[in-house]
Amino acid sequence: MVRYERAVALLKCLLAAYVVTGILLLLLAALLYKLQLGENTVEIGIIVVYVISSLLAGLFFSKGAKSRRFLWGMAAGAVYFLVICALSVALEPDFGLLSNSCITTLLICVGSGMLGGMLG
């Protein structure tokens with residue numbers, strides 16, 4: 001029964017993280033439209049969105065854990081990344097899974113999730 005509860009908690013945390021991601025990306029798109037931001041600024045904004053969303057997922061998912069919260073946060077960040085990666089592969093078949101940017105994004109999501117778990 002505990003595994004089922006943790007799985008449901010993970011799904012709820014990921015849903016909240018993706019809602020936050022959507023809102024922040026819409027805000028970034030509005031800023032891009034109004035301020036005509038450069039490519040580097042948009043890339044930094046996307047990284048900030050990943051950090052905030054993974055941190056929140058790790059923070060909320062680790063709340064229910066009694067010990068090793070940083071591992072639960074890392075797990076939330078990793079699953080957050082895997083869903084994004086799966087969607088990217090599904091929408092763009094030429095997506096490079098072993099590219100530098102993909103690996104960097106994995107490290108950002110896992111690290112942010114771990115930080116959220118330690119804060120939780």
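Colleague: Which element gives the largest share of the nonpolar patch?

Modeller: Bearing in mind that this is a predicted model, the largest share comes from α4, which gives three residues to the patch.

Colleague: And which residues form the patch?

Modeller: The nonpolar patch on the surface is formed by Phe-70, Leu-71, Leu-115, Met-118 and Leu-119, which together have about 480 Å² of accessible area. The elements giving two or more residues to the patch are α3, spanning 69–91, and α4, spanning 100–119.

Colleague: Changing topic, what about Ser-62, buried or exposed?

Modeller: Ser-62, whose place is in helix α2, residues 39–62, counts as buried because its relative accessibility is 0%, and the cut-off for buried is under 20%.

Colleague: What does the side chain of Ser-62 reach?

Modeller: The side chain of Ser-62 reaches the backbone oxygen of Gly-58 at 2.9 Å, and a polar atom of that side chain also lies 3.2 Å from the backbone oxygen of Leu-59.

Colleague: Which residues is Ser-62 in contact with, leaving aside neighbours within four places in sequence?

Modeller: With those neighbours left aside, Ser-62 is in contact with Arg-69, Trp-72, Gly-73, Gly-116, Gly-117 and Gly-120.

Terms used:
Residues are numbered from 1 along each chain as its sequence is written. This is a predicted model: local features need pLDDT of at least 70, side-chain atom pairs count only at pLDDT 80 or more; totals for chains, interfaces and linings use all residues. Side-chain values use heavy atoms; hydrogens and water are left out. Patches are made of residues with over 30% relative accessible area and no salt bridge: like charges are joined within 9 Å, nonpolar side chains (Val, Leu, Ile, Met, Phe, Trp, Tyr) within 5 Å. Accessible areas come from the Shrake-Rupley method with a 1.4 Å probe; for residues, only the protein chains shown count as cover. A salt bridge is a side-chain nitrogen of Lys or Arg within 4 Å of a carboxyl oxygen of Asp or Glu. Helices (H or I, at least four residues) and strands (E, at least two) are DSSP runs, numbered from the N terminus. Buried means under 20% relative accessible area, exposed over 50%, partly exposed in between (1.4 Å probe, protein chains only). A polar contact is a pair of N or O atoms within 3.5 Å; within protein, one must be able to donate a hydrogen and the other to accept it, and residues adjacent in sequence count only if both atoms are side-chain atoms. Contact means heavy atoms within 4.5 Å.
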